[in-house]
Amino acid sequence: MAGAKKYYAAAVLAVWLIIVAFFMVLNRTLDLEVFFVLSLIGLLVVAVLIDGAFSRPRYMRYIGYLIAAGVALFAYIVVEKILEILAA
């Protein structure tokens, strides 16, 4: 059952990204930064939901690295937006 958990998580994350992309196309606002932030939120939610209470599978460590890289990129986007606002 633990192996199936990561496949369910991947499917849920894929559905989340398809829904986000669908609504972005529907709204005619294709912004890569917004898509990245919403996909990071989806990844964080999925990571919290599949994390075990007593054991930590190896793939959770890799997801942790991916989340750390995503948070660093999110911080970079926030700093760029702040500098853009201050320059205006």
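Student: Where does Asp 51 lie?

Tutor: Asp 51 lies in the loop between H2 and H3. Keep in mind that this is a predicted model.

Student: Okay. And is Asp 51 buried, partly exposed or exposed?

Tutor: Asp 51 counts as partly exposed, because its relative accessible area is 32%.

Student: What is Asp 51 in contact with, leaving aside neighbours within four places in sequence?

Tutor: Arg 56 and Met 60 are in contact with Asp 51 on that count.

Student: How far is Asp 51 from Phe 35, going by C-alpha atoms?

Tutor: The C-alpha atoms of Asp 51 and Phe 35 are separated by 24 Å, and the two are 16 residues apart along the chain.

Student: Let's switch to the other loop. Where is Arg 28, and what is its phi?

Tutor: Arg 28 sits in the loop between H1 and H2. Its phi is positive, about 60 degrees, although Arg 28 is not a glycine.

Student: Buried or exposed?

Tutor: Arg 28 is exposed, with a relative accessible area of 78%.

Student: Now the inside. Which residues make up the largest nonpolar core?

Tutor: There are ten of them: Ala 9, Leu 13, Leu 43, Val 46, Ala 47, Ile 50, Tyr 59, Met 60, Ile 63 and Ile 67.

Student: Which helices supply at least two residues of this core?

Tutor: Helix H1 (2–26), helix H2 (32–50) and helix H3 (58–87) each do.

Student: Take Ala 9, then. What does it contact, leaving aside neighbours within four places in sequence?

Tutor: Val 46 and Ile 50 are in contact with Ala 9. Both of those are on the core list too, as is Ala 9.

Student: What about Ser 39, which helix is that in?

Tutor: Ser 39 is found in helix H2. Ser 39 is buried, since its relative accessible area is 16%, and the cut-off for buried is under 20%.

Student: And what does Ser 39 touch, not counting residues up to four places away in sequence?

Tutor: Leu 13, Trp 16 and Leu 17. Leu 13 is also one of the core residues.

Student: Where's Phe 36, and is it buried or exposed?

Tutor: Phe 36 is in helix H2. With a relative accessible area of 19%, Phe 36 is buried.

Student: What is Phe 36 in contact with, again leaving aside neighbours within four places in sequence?

Tutor: Gly 70, Leu 73, Phe 74 and Ile 77 are in contact with Phe 36.

Student: Changing topic: how many salt bridges does the count come to?

Tutor: One salt bridge. Glu 33 forms it with Lys 81, and the closest N and O atoms are 3.1 Å apart. The pair links distant parts of the chain, with Glu 33 in helix H2 and Lys 81 in helix H3, 48 residues apart.

Student: How exposed are Glu 33 and Lys 81?

Tutor: Glu 33 is partly exposed, with a relative accessible area of 31%. Lys 81 counts as partly exposed as well, at 35% relative accessibility.

Student: And the aromatics? How many pairs?

Tutor: The count comes to two aromatic pairs. Phe 22 and Phe 23 form an edge-to-face pair, 5.4 Å centre to centre with 70 degrees between the planes. Tyr 62 and Tyr 65 form a tilted pair, at 6.5 Å centre to centre and 55 degrees between the planes.

Student: How far apart are Tyr 62 and Tyr 65 in helix H3?

Tutor: They are three residues apart in helix H3, so about one helical turn separates them. Tyr 62 is partly exposed at 48% relative accessible area, whereas Tyr 65 is exposed at 53%.

Student: What lies over the face of Tyr 62?

Tutor: Arg 61 does, at 5.8 Å from the ring centre.

Student: Last one. Where does UniProt place the "transmembrane region" feature?

Tutor: The unreviewed UniProt entry places it at residues 7–26, 32–50 and 62–79. In the model, residues 7–26 are 100% helix and 0% strand, and their end C-alpha atoms lie 28 Å apart. Residues 62–79 are 100% helix and 0% strand, with 26 Å between the end C-alpha atoms.

Technical notes: Residues are numbered from 1 along each chain as its sequence is written. This is a predicted model: local features need pLDDT of at least 70, side-chain atom pairs count only at pLDDT 80 or more; totals for chains, interfaces and linings use all residues. Side-chain values use heavy atoms; hydrogens and water are left out. A nonpolar core is a set of buried Ala, Val, Leu, Ile, Met, Phe, Trp, Tyr and Cys residues joined through side-chain atoms within 4.5 Å. Buried means under 20% relative accessible area, exposed over 50%, partly exposed in between (1.4 Å probe, protein chains only). Helices (H or I, at least four residues) and strands (E, at least two) are DSSP runs, numbered from the N terminus. Contact means heavy atoms within 4.5 Å. Rings of Phe, Tyr and Trp (its six-membered ring) pair if their centres lie within 6.5 Å; planes under 30 degrees apart count as stacked, over 60 as edge-to-face and the rest as tilted. A charge sits over a ring if NZ of Lys or CZ of Arg is within 6 Å of the ring centre and within 35 degrees of the ring normal. UniProt positions are given in the numbering used here, feature names are shortened, and annotations may be inferred rather than shown by experiment. A salt bridge is a side-chain nitrogen of Lys or Arg within 4 Å of a carboxyl oxygen of Asp or Glu.
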